[in-house]
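I opened my notebook to look through this model one topic at a time. Here is what I wrote down as I went.

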Amino acid sequence: MMPKLNASNAVAALMCAALILLPVYSAATGNIFILTLFTRITIYALAAASLNLIMGYGGMMSFGHAAYLGIGGYAVGILAAEGIGSGFIQWPVALVVSALFALLIGALSLRTRGVYFIMITLAFAQMAYYVASALSRYGGDDGLTVYKRSDFAGLINLSDRNQFYYLCLACLFGGLYLIWRIVNSRFGLVVQGVRSNEQRMQAIGFHANRYRLVCFVIAGTICGLAGALLANNTDFVSPAVMYWTRSGDLMVMVILGGMGSLFGPVVGAIVYLLLEELLSQFTEFSGLILGPVLLLIVLFARGGIMGLLGRMRRG
Amino acid sequence: MYLVVEQLLNGLQFGLLLFLLAAGLTLVFGIMDFVNLAHGSLYMMGAYFAATFVAWTGSFVLGALMALGATLLLGIVLEYVALRHLYGRGHLDQVLATFGLILFFNDAVRLIWGPAGLALPLPAWLTVPVQIIPGVYYPAYRLMIIAVALAVAAMLYLVVMRTRVGMLIRAGASNREMIGALGINIKLLFTLVFGLGAALAGLAGLMQAPILTVQIGMGENILILAFVIIVIGGIGSIRGAFMAAIFVGIIDTMGRAFLPDLLRKVLSGAAASTAAPALSSMLIYLLMAIILVLRPEGLFPAAKR
Amino acid sequence: MKKAFWLAGAMALALAQPATAADSVKIGFVSTFSGPTAVIGNDMRNSFELALDHLGRKIDGKPVEVIYEDDQQKPDVGKQKTEKLVQSDKVDFIVGYIWSNVLLASLKTAVDSKTFLISANAGPSQLAGELCSPYVFSTSWQNDQTPAAMGLYMNQKGVKSVFLIGPNYAAGKDMLAGVKSTFKGEVVGEEYTVWPSQLDFSAELTKARNSKAESIFVFYPGAAGVQFLNQYAQAGIKAQIPLYTAFTVDELSLPLQKDNAIGIPGAQEWVNDLPNAENKKFVEDYRKKYPGLRPTYYGAQAYDAAQLINSAVVAVNGDLTKKDAMKAEMEKANFKSLRGPFKYGNNHIPIQNFYLQDVVKDADGQLSLKTVATIVKDDQDKFHDKCSMK
């Protein structure tokens with residue numbers, strides 16, 4: 001399985017190298033903020049990558065994916081508030097709760113297709129949002145401050161900027177590797193087969209929905225991990241992170257970067273969040289630029305940025 | 001008893017308001033298979049146009065009519081320049097492109113009209129409460145919304161069910177290839193339908209403006225409600241949208257009106273006062289989830305494609 | 001390929017700000033400059049700029065550099081902007097924060113880096129209580145203070161019963177709790193509406209009317225306040241049950257509420273006609289500098305923040321490393337506040353007067369806010385005991 005050398009793979013390789021070397025650049029120039037910015041970007045990239053697993057490969061367009069960011073974050077935040085600071089407890093809880101939530105809403109939502117699926121996932125995420133807003137013990141809608149980052153018994157110090165960045169990056173690469181393995185496994189091929197022709201896969205004897213559900217749960221769990229990272233990164237978790245506009249942001253990152261391409265969501269997250277940050281420094285009317293850019297990408301760059309790069313070599 | 005009647009009326013009126021927005025959305029969705037998130041932006045533009053034109057002309061009715069024309073025109077231009085190239089693309093491409101349009105319109109409006117929003121005051125004859133049954137007063141303007149929305153529903157029904165264009169629209173909603181085979185100028189039909197959808201969004205926006213506000217981003221939260229309605233009703237079905245809108249309006253209003261008291265009877269005071277607002281906030285989503293679990297294609301699915 | 005390099009280059013340029021020498025006073029300003037609530041952020045910025053004009057754009061002889069950052073009203077974005085200001089721009093002060101949740105998310109960054117943070121609006125109870133910090137000051141109030149003042153006024157008016165309506169989020173609950181803490185009459189009903197998406201208040205208004213309450217109290221900031229007053233007036237309830245408010249009618253919402261707002265009382269720590277010389281100058285110059293606009297309490301608080309910074313820097317003769325001395329000076333509130341003199345409590349929240357404001361038509365026929373009475377003098381928030389600073 002030697003990857004072909006083409007423009008999109010070259011960009012992916014270059015991007016990974018740049019991400020790995022970023023702390024060196026940051027230390028050399030004294031620019032700490034770029035590291036802070038990219039820590040957030042890698043976390044969103046992980047969330048977007050997990051959405052890509054169900055959306056790009058599984059054909060399940062979830063409009064409620066940000067719910068797991070909140071659930072993973074609240075698992076960390078609530079445990080921390082109750083005096084359980086150990087990451088060895090917090091993080092597994094975050095993953096398990098995210099998986100259970102995904103299992104529940106997946107089992108119900110997968111009865112529907114297409115736009116109905118989009119809307120039912122949205123509905124569940126909105127319910128999660130309102131439940132979190134009602135948790136007055138944990139700050140309600142003001143959110144919950146996480147006073148101490150997860151404690152991994154000296155193994156790794158999450159309060160150290162570089163260590164935390166590399167942890168996020170490792171989670172991102174780990175997540176991508178897992179997704180790559182899944183996509184190329186027999187299981188992944190079935191899921192992709194179901195996307196392109198459900199009836200045929202059913203006829204061959206696969207329980208299409210069971211495969212979809214497992215895939216949905218895996219994606220939710222990975223995104224729950226991103227949520228745990230995000231809570232540690234912001235030292236804060238609030239219902240706002242689950243609001244439907246945030247799910248929309250994740251969707252935009254995936255489509256922008258390129259659905260169904262392994263590195264697409266990473267590129268999408270980097271470009272989207274950087275554009276947002278850079279444009280906000282030049283103008284307060286960033287939508288006047290960002291909006292048409294999105295429209296043009298859809299019109300002229302099918303398959304997002306990675307799709308565009310993929311075509312560059314073919315001419 | 002009066003209380004229940006009045007709350008039912010509140011719910012009916014709110015539902016009809018939502019129907020105005022949902023009708024255009026489900027029309028465009030059903031016929032062109034086009035997910036238009038920018039429907040909320042057209043709704044916003046309708047309100048901004050109305051506030052501007054009413055201030056210019058000094059007449060509510062005249063300004064409203066001009067605003068309707070302006071949104072119709074805007075819709076047609078938008079379709080012609082950009083959106084027609086997106087028909088036949090995946091829903092997600094459409095979502096991304098029209099999400100971009102939302103960003104664009106929000107900032108364009110902020111640039112042109114400023115961030116402060118506008119006021120659309122009612123003429124004096126619409127501000128007086130009307131006595132509907134002895135002892136129960138109801139805002140005149142809300143009664144007008146009910147009348148206008150019912151008229152629009154009747155008109156849409158007549159157009160869709162009784163005219164040649166309507167026949168094509170119905171044909172398009174159930175089988176897109178067929179109208180092509182009939183030798184109809186599909187491009188023109190689509191442009192017209194999109195324009196109609198835009199005008200309906202504009203109408204919804206300008207009708208709501210005096211009750212709500214004319215604000216940037218006013219289309220986004222309500223757009224989600226409109227999507228909930230067309231999904232509950234079954235995509236492409238005007239009848240479904242009508243029933244679902246009234247259903248959602250009444251459930252939402254009645255939930256807010258009576259749920260807290262009901263819960264207080266069942267739960268302890270403190271628990272009820274936390275649970276009630278949260279529950280009535282998510283009532284609509286809960287309703288949609290339950291309906292979709294039981295009826296995965298909505299209550300009134302349009303004929304199979 | 002080229003694209004990636006171009007992007008990387010642009011990024012490096014934009015993100016690599018050179019560290020400047022400490023011969024200027026650097027201030028970061030975090031507020032909302034996009035979306036519908038940009039109107040608040042703009043007003044705060046306008047007033048802050050006006051304050052700098054009044055200071056001759058210099059503080060203790062040093063040029064002032066202000067970096068404005070847009071929090072988009074999202075907690076995590078606000079936190080990121082605060083980090084940028086602290087880590088990349090290395091500012092001496094951070095000012096602004098409209099929203100409680102944005103402030104709470106950003107607080108730790110500022111406090112950990114020992115950068116002075118001045119909240120020019122947000123006043124969550126945590127800030128006054130357990131999260132108080134030597135590096136954090138407020139030029140506004142604690143959330144409960146304003147509605148509590150309204151409750152006192154309703155007692156003074158002899159109101160016997162009230163129906164409370166507010167949005168279902170933290171500040172909304174704080175506001176209703178604030179009225180209840182001082183109002184002595186009967187609370188016959190309490191309704192929370194969906195925030196921020198509820199559009200129609202007819203169900204709540206119908207309930208309020210049927211409850212036979214003598215009065216209604218609401219808290220609806222911004223656009224929601226316009227909606228509520230529209231619907232309250234259209235339903236004909238305005239003629240039947242008087243309305244009392246907190247943060248519902250201000251100079252930003254008034255042009256949209258128009259006549260619906262006439263006669264609706266509110267409580268505030270600052271009103272545009274407060275009779276001190278600084279305030280007169282502020283209001284006059286604001287209207288001159290920004291024609292067509294009127295200053296708000298948000299702006300007045302931002303203006304005061306600039307003056308507070310000025311007092312601290314002048315006291316240490318421009319030596320910005322003397323943080324303790326600056327803190328000590330700020331605790332004295334030794335500047336001419338637009339609301340008139342006030343003191344700081346142990347938690348760095350103002351101990352101040354609250355005024356009753358009403359909407360009237362002014363000389364040129366325009367609607368404006370007017371001070372009617374002083375409801376309470378030297379009011380201190382009730383969370384200051386929970387603050388560990390004594």
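This is a predicted model: local features need pLDDT of at least 70, side-chain atom pairs count only at pLDDT 80 or more; totals for chains, interfaces and linings use all residues.

**Entry 1**

I then asked which residues have the most contacts inside the largest nonpolar core. They turned out to be B:Ile229 and B:Met288, and the core itself has 344 residues. Helix H2 of chain A, residues 32-57, gives the largest share of this core, with 17 residues. I also found that the core draws at least three residues from each of the two domains of chain C, domain 1 and domain 2.

**Entry 2: where chain B touches chain A**

I turned to this contact and noted 37 residues from chain B and 34 residues from chain A. Three helices of chain B give two or more residues to the side that touches chain A: H4 (91-113), H9 (218-233) and H11 (269-294). Which of them gives the most? It is H4(B), with 16 residues. By class, I wrote down 27 nonpolar, 6 polar and 4 charged residues for the side of chain B that touches chain A.

**Entry 3: where chain A touches chain C**

Here the contact takes 29 residues from chain A and 27 residues from chain C. On the chain A side, the elements that give two or more residues are helix H1 (7-29), H2 and helix H11 (264-282). I listed the classes for the side of chain A that touches chain C as 12 nonpolar, 12 polar and 5 charged.

**Entry 4: two residues in helices**

My next stop was A:Met55, which lies in helix H2 of chain A. Is A:Met55 buried or exposed? It counts as buried, because it has 25 C-beta neighbours inside 10 Å, and the cut-off for buried is 20 or more. Leaving aside neighbours within four places in sequence, I found A:Met55 in contact with A:Met60, A:Met61, A:Ser62, A:Val254 and A:Met259. I also checked A:Met55 against A:Arg195: they are 140 residues apart in sequence, and their C-alpha atoms are 9.7 Å apart in space.

Then I looked at B:Ile146, found in helix H5 of chain B, residues 140-162. B:Ile146 is partly exposed, because 17 other C-beta atoms lie within 10 Å. Beyond its neighbours within four places in sequence, B:Ile146 is in contact with B:Leu12, B:Gln13 and B:Leu16. I checked B:Phe34 too, which is 112 residues from B:Ile146 along the chain; 28 Å separate their C-alpha atoms.

**Entry 5: strands of chain C**

I followed S13(C), residues 350-361, through its partners. Strand S11 of chain C, residues 266-268, runs antiparallel to S13(C) and is joined to it by 3 bridges. In that pair I noted C:Gly266 with its bridge partner C:Gln357.

S12(C), residues 343-344, is also antiparallel to S13(C), with 2 bridges. There C:Tyr344 stands opposite C:Pro350. The hairpin of S12(C) and S13(C) has 5 residues between the strands, and C:His348 takes a positive phi near 70°.

How many bridges pair S13(C) with S14(C), residues 367-379? I recorded 9, again in the antiparallel sense. C:Tyr355 stands opposite C:Thr374 in S14(C). This hairpin has 5 residues between its strands, and C:Gly365 in the turn has a positive phi of about 75°.

**Entry 6: domains of chain C**

The domain assignment gives domain 1 (2-141 + 276-351) and domain 2 (145-268). I noted 31 Å between their centres, taken over C-alpha atoms. In contact are 12 residues of domain 1 and 11 residues of domain 2. Helix H2 of chain C, residues 38-54, gives the largest share of the domain 1 side, 3 residues. I divided that side into 6 nonpolar, 4 polar and 2 charged residues.

Last, I looked up the UniProt record, where an unreviewed entry lists residues 24-362 of chain C as "domain: Leucine-binding protein". Over those residues the chain is 41% helix and 20% strand, and the end C-alpha atoms are 42 Å apart.

How values were computed: Residues are numbered from 1 along each chain as its sequence is written. Chains are lettered from A and ligands numbered from 1 in the order in which they are written. Two residues are in contact if their C-beta atoms, placed from the backbone, lie within 7 Å. Helices (H or I, at least four residues) and strands (E, at least two) are DSSP runs, numbered from the N terminus. Ala, Val, Leu, Ile, Met, Phe, Trp, Tyr, Cys and Pro count as nonpolar, Asp, Glu, Lys and Arg as charged, and the others, Gly among them, as polar. Two strands pair if DSSP finds at least two bridges between them. Domain bounds come from an automatic or database domain assignment. A residue is buried if 20 or more other C-beta atoms lie within 10 Å of its own, exposed if 12 or fewer, and partly exposed in between; C-beta atoms are placed from the backbone. UniProt positions are given in the numbering used here, feature names are shortened, and annotations may be inferred rather than shown by experiment. A nonpolar core is a set of buried Ala, Val, Leu, Ile, Met, Phe, Trp, Tyr and Cys residues joined through C-beta atoms within 7 Å.
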